[in-house]
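Biologist: Let us go through this model together, with the sequence and the coordinates open before us.

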Amino acid sequence: MGAVRRLLSAQSSVKVAEWGDVQLGSRSRLINHTANTFTYDYKRTGSIQLGRTGVVASDLSRRLRFERDDSAALVKKDAADADPVARSLLIQTRPHRSVSVNGRLYTTGPLYAPALPKGKTWALRGAIPNGGAFTDQVVNIFEPRTLKKLLSDTYSKKRSGFKDITGRIHENTMLYRGKITFADLYAVSPTFRSLLGQKPDATLAPALVWWWLWTDKNGTPMMVDSIWDTWVKGGTGRPYARGSARTEYLAWRPRVTIKPPKSSLVAKVAGPASGLPEIDDVGEAIRDRRG
């Protein structure tokens, strides 16, 4: 807690790398008596900037992949059948960059480019909370109340180590592990409330988020893992969604101000081109399960 508060007070910046996957249960199906799973993988890299109350800005590039053969086949078939979600996801297999500053989200990439006027390269998508840094990762450790709740429910604490995405080995780190229900995380975390959009109902409230937090000897965050799953015992039988995220904090540094794109390159848009859906945060995956 103390280390995070110091980082917030100093308004520090950090380079990040994040990756994971999301399974859309409503789009998985049986084909020739064989289960075909609809899962996409993602990777985001860039930097985030802290303020005194949490993440206030970010500059992150994101790209989807369909690593499973059955998932790749499903999304291509659905896109060929003009399914808008599949078309949006396929377009996002090409790189997109998003910058969030002063509560506004700007994105450049092929999902938005056709909707922009000539000479404009950045889409102003509107307001976004939490510096735009939490669309795939559901655990925001830079919310002091959220971090306090997580650490109070820790069921494992031990010395550990890991190899980061650059290949560097970190030894003698501290690993905290725990789990929390959707209902409890919704109650304490503004980030999770924003992702869900509404209070989880009785069928979703008991669903779980498992989390892992690595820190250095001073308590500075180094990596956060999370896995969430909407399956609950005795549930309604509706298709479920699940997802995972690993976020590595690679290089903490003094405040580096993230700036918005040049105004001459920005145009306000109502959404992606051709009326396609955004489908770029896990909240949409969870809401899809509830629909």
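This is a predicted model: local features need pLDDT of at least 70, side-chain atom pairs count only at pLDDT 80 or more; totals for chains, interfaces and linings use all residues.

Biologist: Which residues of helix α3 are buried, and which elements cover them?

Modeller: Buried means under 20% relative accessible area, exposed over 50% and partly exposed in between, with a 1.4 Å probe and protein chains only. In helix α3 (residues 84-91), V85, A86, S88, L89 and I91 are buried. The elements that cover them include β1 (13-24), β4, β5, α2 and β6 (96-101).

Biologist: Which residues have the most contacts inside the largest nonpolar core?

Modeller: In soluble globular proteins, nonpolar side chains tend to be buried together. A nonpolar core is a set of buried Ala, Val, Leu, Ile, Met, Phe, Trp, Tyr and Cys residues joined through side-chain atoms within 4.5 Å. The largest such core has 56 residues, and those with the most contacts inside it are L89, F142, F182 and W228.

Biologist: How many aromatic pairs does the structure hold, and what is the angle between the planes of F38 and F66?

Modeller: Rings of Phe, Tyr and Trp (its six-membered ring) pair if their centres lie within 6.5 Å; planes under 30 degrees apart count as stacked, over 60 as edge-to-face and the rest as tilted. The structure holds six aromatic pairs. F38 and F66 are an edge-to-face pair with centres 6.0 Å apart, and the angle between their planes is 85°.

Biologist: How many residues apart are the two members of this pair, F38 and F66?

Modeller: F38 is in the loop between β3 (34-36) and β4 (39-50). F66 is in the loop between β5 (55-65) and α2 (69-80), so the pair links distant parts of the chain, and the separation is 28 residues.

Biologist: Over which ring does the charged end of R27 sit, and with which residue does R27 form a salt bridge?

Modeller: A charge sits over a ring if NZ of Lys or CZ of Arg is within 6 Å of the ring centre and within 35 degrees of the ring normal. The charged end of R27 sits over the ring of F38, 5.9 Å from its centre. A salt bridge is a side-chain nitrogen of Lys or Arg within 4 Å of a carboxyl oxygen of Asp or Glu. With the closest N and O atoms 3.7 Å apart, the salt-bridge partner of R27 is D78.

Biologist: How many residues apart in sequence are the parts tied together by R242 and D21?

Modeller: The side chains of R242 and D21 meet in a salt bridge, 3.3 Å from N to O. R242 lies in strand β13 and D21 in strand β1, so the parts tied together are apart by 221 residues.

Biologist: Are R97 and D59, which form a salt bridge, buried or partly exposed?

Modeller: The closest N and O atoms of R97 and D59 are 2.7 Å apart. R97 is in strand β6 and D59 in strand β5, 38 residues apart. At 19% relative accessibility D59 counts as buried, whereas R97, at 35%, is partly exposed.

Biologist: With which side chain does that of S226 make a polar contact?

Modeller: S226 is found in strand β12 (residues 221-229) and is buried, with a relative accessible area of 2%. A polar contact is a pair of N or O atoms within 3.5 Å; within protein, one must be able to donate a hydrogen and the other to accept it, and residues adjacent in sequence count only if both atoms are side-chain atoms. At 2.5 Å, the side chain in polar contact with that of S226 belongs to Q137.

Notes
Residues are numbered from 1 along each chain as its sequence is written. Side-chain values use heavy atoms; hydrogens and water are left out. Helices (H or I, at least four residues) and strands (E, at least two) are DSSP runs, numbered from the N terminus. Contact means heavy atoms within 4.5 Å.
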